[in-house]
Amino acid sequence: MSETMMAVRLHAFGGPDVLRYEEAARPFIGPGEVLVRVHAVGVNPPDLYLRDGYRTMPPEWQPHPAFPIIIGTDVSGVVIATAEDVAGFAVGHEVFAMVRFPEDLMKGSDAYAQYVRVSAKELAHKPAGIDHIHAGAAPMSLLTAWQFLIDLGHDAPNPFQPFRHDPVPLAGKTVVVNGAGGGVGHLLVQLAKWQGAHVIAVASGENAALMRDLHVDHFVDYTEQAAEQVVHDADLVVDAVGGANMERFLRVLKPGGALFLVNPLGFAGHDEARGRRITVSSTQVRSNGPQLQEAGRLLDDGTVRVVVDSRFPLAEAALAHTRAARRGIQGKIVLTVA
């Protein structure tokens, strides 16, 4: 096997134009690791933030990696080698994973490449019922939705709050998902429905048909009406968007309800939440092979499906990032690897 491969690397932070498709050293695996020949790579917001150098963060929090680096976390592909101590995976197995997140958050997890090394603990068998494109699109978004709504699955310190995030029972509850057409949002909708919740989806009007396909109980087009003006007494709101004025969702909830924030930075309503007896919680998604394996069963039997917005060859990663920066993304963007 050649000691080189093609990959997309950064030599400096910046816009999509800094993504270079070029030859790089093929990784070598260590104990507990598997080498995967990549077929598809999911594009996620942290990819864009790292490419840009997390420049919106305070300087002391910004990354200072040793360039060049390879970004990306989500892969689907085929095992071509395993360490001697690896059990459960063998050469030829089709697999998918979210790679080393958040462990390598600030230096890249090496997914934008033809080959990637993955800890067997982070790896899951690809659902037979879906192709590599949809499997590569799934890991970060699916694990985010799973860890918010179903099972956190770890006891690592929470970087966003001093207490552990705990999912709440959903059966028979009214759940509002803001950003329901996005990569995480459309999976939150489906998991909540699977758990027996009455789901209210908030998104732009162009997502109305998709929301009907996903069997939401009520759809709110935020370009026509504000959710806080038409929705009341919900048990849970999951905001998959973030940004300004997240506090408005407190008015949607009944006393004793919960507000889950996928991106909590900038939320300023903690005092109001305490006054309304509303739990506000967030967490950071973490790589977890067994959880991905469990959630993958829902992909395999069609209970949950991953919507693919668009796909680009790995060599056109810059175009994929340009697309990702625009509004109106429905589902996930995927890179295909030759």
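Student: Why is Arg305 called partly exposed?

Tutor: Quick background before that. This is a predicted model, where local features need pLDDT of at least 70, side-chain atom pairs count only at pLDDT 80 or more, and totals for chains, interfaces and linings use all residues. Residues are numbered from 1 along each chain as its sequence is written, and side-chain values use heavy atoms, with hydrogens and water left out. Now the label: buried means under 20% relative accessible area, exposed over 50%, and partly exposed in between, with a 1.4 Å probe and protein chains only. Arg305 has 37% relative accessibility, so it counts as partly exposed.

Student: Where is Arg305, and what is it in contact with?

Tutor: Arg305 sits in the loop between H8 and strand S15 (308-313). Helices (H or I, at least four residues) and strands (E, at least two) are DSSP runs, numbered from the N terminus. Contact means heavy atoms within 4.5 Å. Leaving aside neighbours within four places in sequence, the contacts of Arg305 include His186, Leu187 and Gln190.

Student: Why does Thr283 count as buried?

Tutor: Thr283 has 5% relative accessibility, so it counts as buried. Thr283 lies in the loop between S14 and helix H8 (289-300). Among its contacts, with neighbours within four places in sequence left aside, are Phe148, Leu152 and His154.

Student: What makes helix H4 mostly covered?

Tutor: Count its residues: in H4 (residues 185-194), eight of the ten are buried. Those include Gly185, His186 and Leu187. The buried residues of H4 pack against helix H3 (139-149), strand S9 (174-178), strand S10 (198-203), strand S12 (234-239) and H8.

Student: Why is Arg277 called exposed?

Tutor: Its relative accessible area is 57%, so Arg277 is exposed. For His215 the relative accessibility is 57%, so His215 counts as exposed.

Student: Where are there cis peptide bonds?

Tutor: One joins Phe67 and Pro68, with omega about 0 degrees. Another joins Phe101 and Pro102, with omega about 5 degrees. Pro68 is in the loop between helix H1 (45-51) and S4, and Pro102 is in the loop between S6 and S7.

Student: How do you know that S3 and S5 pair?

Tutor: Two strands pair if DSSP finds at least two bridges between them. Strand S3 (residues 33-43) and strand S5 (residues 74-82) run antiparallel and are joined by eight bridges, so they pass the rule of at least two. One example is Val38, whose bridge partner in S5 is Gly77. S5 and strand S6 (residues 94-98) also pair in the antiparallel sense, over five bridges.

Student: What makes S11 and S14 edge strands?

Tutor: Six strands form an open sheet in the order S11-S10-S9-S12-S13-S14, with parallel pairing. Strand S11 (218-221) and strand S14 (279-281) each pair on one side only, and that makes them the edge strands. S14 pairs with strand S13 (residues 253-261) in the parallel sense over three bridges.

Student: How large is the second largest pocket, and which residues are closest to its centre?

Tutor: Its volume is about 290 Å³. Of the 16 residues lining the second largest pocket, Pro68, Ile69, Ile70, Gly108 and Asp110 are the closest to its centre.

Definitions and conventions. On a 1 Å grid over the protein atoms alone, a cavity is a set of points where a 1.4 Å probe fits but cannot get out, and a pocket is an open set with protein on both sides within 12 Å along at least five of seven lines; lining residues have an atom within 4 Å of a point. Grid points are joined across faces, edges and corners, and a volume is the space filled by probe spheres set on the points.
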